[in-house]
Amino acid sequence: MFRRSVFTFFICTILCLSASAQQQDTLSITLENVSYPYPVKFLPIQAEGQDLRMAYMDVQPTGKANGRTVVLFHGKNFGGYYWTDVIKALTGRGFRVVVPDQIGFGKSSKPFIHYSFHQMAAWNKLLLDGLGIPKANILGHSMGGMLATRFALMYPQQTEKLLLENPIGLEDYRSFVPYISTADQYQNELKATAESIRQYYKSSYFVAWKPEYDELVRIAAGVTNSADFPRYAKVAAMTFTMIYEQPVVYEFQHLSVPTILFIGKEDHTIVGKGLLSQQQQSQYGQYKLLGKQTAAKIPNAKLIEFDGAGHIPHLEVPTEFIVALLGGL
């Protein structure tokens, strides 16, 4: 009897340990335990009485230097880590590449402040000035496209070319997405799990799921197990409000720099999509139409479209994207 009890206890312990090992990794909300492809440095920033730091990678050319720089602005649910192949391709062709994690994202500070695309653009200008870069090509993906657009509007003399990869903000979400307060959005953010994140990525970002995309889910979901996750969720809600309340769609005609749109035609991204009915979801976020409409608004803009690609062409169709990007530069 005693032996059977010991054996049962032993089996239960093994099963518990196995289940624990299979749980999602716990990551800090500033991703200290996430490896980036290149060394990360930090720019000290003061904002609203808080000492902050902005993470960035500054990657030198591996091919013959051409004296030009490309800056990569990430999307809302990502950080600099998902640009690896783009960085390699650009540095191999002689470009210097600067990859910031915006304040509130990635390895950068997660403060409770008023989030603003204008302020973010100013911080990125501060970063480039400190690195001695007077002019750069600005590539922005998703939310980074809204930021890149704001940067080009504020600093046209410092923007060599504006490169937009499936940017959000091509339509005014306020006109059809019901308003939700930051406090209510915070409650929504707190509900995030590994499975909900995976399903969102599958349904919103990619045409066909590939095993390598699981790493994106691992990083996004890992922070949900952190003791500091409530802070992360609050910041995510605050930046959601920033996107909703600070459109750039009415200012595309004021851009004065050479602009290229890179559009995955199967993208159906809508900020606040979960607040819409199925019928409403089918009416908006149609990038195969939005890309053309936006290119028509921007003086002398060039449109490059990718068949069979959704929200992140540089991951879904990497070869086609890199060829198009290098050709556009």
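These notebook entries record what I looked up in one predicted structure.

**Entry 1. Ground rules and confidence**

I worked on a predicted model, in which local features need pLDDT of at least 70, side-chain atom pairs count only at pLDDT 80 or more, and totals for chains, interfaces and linings use all residues. Residues are numbered from 1 along each chain as its sequence is written, and side-chain values use heavy atoms, with hydrogens and water left out.

I looked up pLDDT, the predictor's confidence in each residue, from 0 to 100. The chain averages 93, and 92% of the residues score at least 70. Over residues 1–23 the pLDDT stays under 50. Where pLDDT is low, the predicted coordinates should not be read in detail.

**Entry 2. Helix pairs**

I took helices (H or I, at least four residues) and strands (E, at least two) as DSSP runs, numbered from the N terminus. Two packed helices are described by the angle between their axes and the distance between the axes. The axes are lines fitted to C-alpha atoms, for helices over the stretch in contact, and angles run from 0 to 180 degrees between N-to-C directions. Angles under 35 degrees count as roughly parallel, over 145 as roughly antiparallel, 65 to 115 as roughly perpendicular and the rest as oblique. A crossing is left-handed if the near helix is turned anticlockwise from the far one by less than a right angle, and right-handed if clockwise. For residue classes, I counted Ala, Val, Leu, Ile, Met, Phe, Trp, Tyr, Cys and Pro as nonpolar, Asp, Glu, Lys and Arg as charged, and the others, Gly among them, as polar.

I began with H6 (residues 194–204) and H7, which pack at an angle of about 135° with their axes 9 Å apart. H6 and H7 are therefore oblique to each other, and H6 passes H7 in a right-handed crossing. On the H6 side I found Ala-194, Ile-197, Arg-198 and Tyr-201 in the contact, and on the H7 side Asp-214, Leu-216, Val-217, Ala-220 and Ala-221. Sorted by class, this contact has seven nonpolar, no polar and two charged residues.

I then turned to H5 and H8, whose axes come within 8 Å and cross at roughly 130°. H5 and H8 are therefore oblique to each other, and their crossing is right-handed. H5 contributes Thr-182, Gln-185, Tyr-186, Glu-189 and Leu-190, while the H8 residues include Phe-229, Ala-233, Lys-234 and Phe-240. I noted nine nonpolar, three polar and two charged residues in the contact of H5 with H8.

**Entry 3. Helix H12 and its cover**

Which residues of H12 (residues 318–328) are buried? I listed Phe-321, Ile-322, Ala-324, Leu-325, Leu-326 and Gly-328, taking buried as under 20% relative accessible area, exposed as over 50% and partly exposed as in between (1.4 Å probe, protein chains only). Their cover includes helices H2 (84–92) and H11 (313–316) and strands E5 (136–141), E6 (159–165), E7 (259–264) and E8 (302–306).

For H2 and H12, I read axes that come within 11 Å and cross at roughly 40°. That makes H2 oblique to H12. The crossing of H2 and H12 is right-handed. Asp-85, Val-86, Ala-89 and Leu-90 of H2 meet Phe-321, Ile-322, Leu-325 and Leu-326 of H12. This contact holds seven nonpolar, no polar and one charged residue.

**Entry 4. Single residues**

Ser-226 lies in the loop between H7 (214–222) and H8 (229–245). Ser-226 counts as buried at 12% relative accessibility. Beyond its neighbours within four places in sequence, Ser-226 contacts Thr-26, Leu-27 and Ile-29.

Leu-52 sits in strand E2 (residues 50–59) and is buried, with a relative accessible area of 7%. Outside four places in sequence, I found Leu-52 in contact with residues including Leu-43, Ile-45, Ile-103 and Pro-111. Leu-52 and Leu-261 are 209 residues apart in sequence and 32 Å apart in space, C-alpha to C-alpha.

Asn-300, in the loop between H10 (287–297) and E8, has a positive phi of about 60° although it is not a glycine. Asn-300 is exposed, with a relative accessible area of 78%.

Conventions. Contact means heavy atoms within 4.5 Å.
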